[in-house]
Structures are given as structure tokens and as C-alpha cells.
Amino acid sequence: MDYRMCVDMLARLHENPDGVPRPVRQANVSRLLEVLGRPERALRGMLVVGTNGKGSTCAYAVSAVAATGARVGSMPSPHLQEPRERIRIDGVPVTRDEYVAAYSEVRQAIERHDLPVLAQGVYALTAAVHFRRAGVELAVAEAGIGGRRAAAAELGLDVKVVTGIGLDHTRLLGTSLTRIAEAKVAAAQDGDHVVLGRLDPEAATTADRVLKERVGLSVWRMDQEIRYTARVADGAGPHGPVTLVDVSTPRAVYRDLPCPLPGAHQHHNLAVAVAGVDALVERGHVQEPDGDRLRARLAATRWPGRLELVETRLGDWTGRVLLEGATNPQGVATVAPEILRHARGSERTAPPVLLFASMDDKDVSGMLAPLPADWPLVLTRTGATRAADPAALRAGLAPGRRGPCVTAEDPRSALRRAAELAGPDGLIVVFGSLRLVGESRTALGLQPA
């Protein structure tokens, strides 16, 4: 099996061609772990769940764990360009050959024992197998959709981090914050150490109720056991002003931690990640991080596709493309101040051009609402199975939208159309779907990172 065959097989899994019910596929993850010889048995670490902020929280956590001197595996979800991005050691994606070797072991077990699983299950199983092969015993895993039923929850990591709760994936999780919070917080099991980020009151009440059903928990909550403050440091770094964050947890106080990812929401994500690593210290899974090394590692944290600004050329066009992975109204509202800041920072008077795609169950008007209604808009679709058709997206626009709106058949052609509308040295803002961000990165010639 080569890597291309591996990618094609994984793509077909997302379509569920054989119609095996989702609960059966979910239950088969545990059975396959047994068949594979329990590759997760040696793993310890944290599982990060939540609606927004999981990826950057995991990226900060990997940096903080590396500052302890430990070797750390991580499992981001989803990938942007290639499946191998979902398995990393010390933040670096595995090679294609390494991915194929681990995937082949999982695939053979699935076929030999007739235990079909969802794509998320294959991703988690492949990561566990690779970590065993590589001798990695510490992991930072990002849950996909949900919490208790997420395939990564089967790995038994005993520190659970909840970044926040919002309305997303309502088709699978429910249409209220209560239902979604129940699904995500239920990832916590008896005896776990739980770190809760800042939650809406409804979600916080639900989280407390779910956690009371568990025994032997340690629970740290943002703005109670965990606190942070942020400030702009004197002077500036190579990418502009440097934000420093002080974080306190029940076991330590960390001062002057650099927060390199843009946006005020990242201060919260950094604090949650540091608290999660302190929970690992409490559990004896890692040593306490050295302060100077922690600051250096955090300063080097990068997370592609999240307010990622690229100076680029498309044919004869040169300009900037801002790639943002927000996939729901709450996420877009959170990053909107940064998008507006980039727009104000341009010397051109022409407005940025929005390039948008989403899945077919998303709140299109809600996602566009935080940004100016007179900015030009290009609607497209990705190669995802349930990607919304551009015509359907257009039909879902709010009546008050005033800016010009055009459609394009795919992200590559959409980028060219957006460049025409933006004009020389203009700004294109790509958002609405992580799949769109990934396909746009590929179209721009950016390598997986």
C-alpha cells in the first residue's frame, strides 16, 4: 500500500459506503484496540474537547510539555492537507511512510476481524499504533466531534481539558448548549483530572451536573482555580507587538509567558493549556517545566490555518491571504476583531474580499454576520462529502447583505476570482471550513505543517 491508496481509503470512510450504523462503528474502536494488543496501554496524557480553541490549546500544550524534557505525541483533528498531520511527535508530522506503516496495521486488523469503524476511529487507532512503534508514551489528543463518543476518548488519557462550549455540530450533538455540554463533558471518567475553560452559564451548570456523576475527580475551573492576565510587552518582536500572559493554577504561578498566536482568545487558550500541563505534573506524568525553557517553547508555537497571514502570488496578482479555521458563528465572532485589524492595517481603501465555504448544516448568515456586510464575498465548495453547494450558501445569506457576491466551483478558482475582486496588494480572508483552509493552502503552494 502506498500513501495515495491510504488517503483514498480514508476518504471513502467519511462516506460510510456500507451503511454500518454509527454506534456499531464507535463500539468497534475498543474492540480493535484489544485486537491490536492495546497500543494505548502505555499512553498517558490529556484529551482536549470543546467547540472552539482545541487545536491551538493542543499546540500550546505540546510546547509546554516539550519544555519538561518529555517526548510528546499529539493528535490534531482534523487535518488541513494530509492525514499524516494528525500524528505528530514533538509537534512535527510523521512521514508518509510512517503513516502508511501504522495505517496498514490498523487496516489489516479491521479486515481480518470484520470490525468497521468511522474515519475518526481509524485516525485514533493509527496514531496509537504509531506511538507504540515510536516508543512515545505521552500524548496530547484532540477530540473530534463530541467528547464521550470521540474515538480519541478510548485511549484512556486521564487529564481531560474542556476549552469551551458553543453551538456547533448540532445534527450530531443536539441543538442546545445543555445537550452539547453533556456530550463533551461526559468524556471525563472516574478519577480523571478535569480542566474547564471559561463556559457560558448554561454550559457551566451542565458541566457541574455531569461531573457530580463521577467519583474521584480533581476539577480546576477558569476564573476560579485558574486565572490569567495578559499585557503587551514593551517593544515588539519580528511579527509585531508581543503579548505576555501570567497564569496561576493551584500548583504554580507562571509569569511573562509569550503568546505568539494572534487574538485575545489565545490568551485563554494558552492559560488552559498551561493548566492542563500542570495537571499532568500533578499526576506525575511529567516533570515541572523549567521557566526559561517554557517561555522559549511557547514563543515558538505555530498553528497553521488559524489567523495565518500569507504574502503570496496568484498568477499576476500579489497580495495577502488570511487563512482562518473558524467554522461556527461563535468562532467567527471571536476572530472578527483580528480580521478587522488586518483590514484597517492595509494602506488600500478597497475592502478585503471574503472567501467562504462550509458544511451543509452550518449557520451561514450567523457565520458571516460578525464581518462587514459590504465586503465582497466569493462562495465556493470544498471536496468534503457534505460540503454545501455555493448556490445553497447564497440562498442562506441574510437579506441585508450589500456587498457583491459571486460563486466559484472550487477553492482554487475561488482564490483567482477573489484576487480579481481584491485588486493588486489586496487582502483575501478565507474562512468557514477547515477543509477550505486546507485546500486553499494547497492551492497557494504551502506545504503541510
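This is a predicted model: local features need pLDDT of at least 70, side-chain atom pairs count only at pLDDT 80 or more; totals for chains, interfaces and linings use all residues.
Residues are numbered from 1 along each chain as its sequence is written, and side-chain values use heavy atoms, with hydrogens and water left out.

**View 1. Packing of α4 against α5.** Helix α5 (residues 119–134) packs on α4 at an angle of about 120°, and the axes are 9 Å apart. Axes are lines fitted to C-alpha atoms, for helices over the stretch in contact, and angles run from 0 to 180 degrees between N-to-C directions. Helices (H or I, at least four residues) are DSSP runs, numbered from the N terminus. The α4–α5 crossing is right-handed (the near helix is turned clockwise from the far one by less than a right angle; anticlockwise is left-handed). Residues in contact (heavy atoms within 4.5 Å) include Tyr 99, Ala 102, Val 106 and Ile 110 of α4, and Val 122, Leu 125, Val 129 and Arg 133 of α5. By class, this contact has 10 nonpolar, two polar and four charged residues. Ala, Val, Leu, Ile, Met, Phe, Trp, Tyr, Cys and Pro count as nonpolar, Asp, Glu, Lys and Arg as charged, and the others, Gly among them, as polar.

**View 2. Crossing of α1 and α4.** The axes of helix α1 (residues 3–13) and helix α4 (residues 96–113) come within 9 Å and cross at roughly 50°. This pair is also oblique, and the crossing is left-handed. From α1, Tyr 3, Cys 6, Met 9 and Leu 10 meet Arg 96, Tyr 99, Val 100, Tyr 103 and Arg 107 of α4. Seven of these residues are nonpolar, none polar and two charged.

View 3. Cys 6 is buried, at 0% relative accessibility (buried means under 20% relative accessible area, exposed over 50%, partly exposed in between; 1.4 Å probe, protein chains only). Cys 405 is buried as well, at 15%. The structure holds zero disulfides (pairs of cysteine sulfur atoms within 2.5 Å).

**View 4. Surroundings of Leu 270.** Leu 270 lies in helix α9 (residues 265–282) and is buried, with 0% relative accessibility. Beyond its neighbours within four places in sequence, Leu 270 contacts Tyr 60, Val 245, Val 247, Leu 257, Pro 258, Cys 259 and Leu 298.

Note on methods:
Helices (H or I, at least four residues) and strands (E, at least two) are DSSP runs, numbered from the N terminus. Angles under 35 degrees count as roughly parallel, over 145 as roughly antiparallel, 65 to 115 as roughly perpendicular and the rest as oblique.
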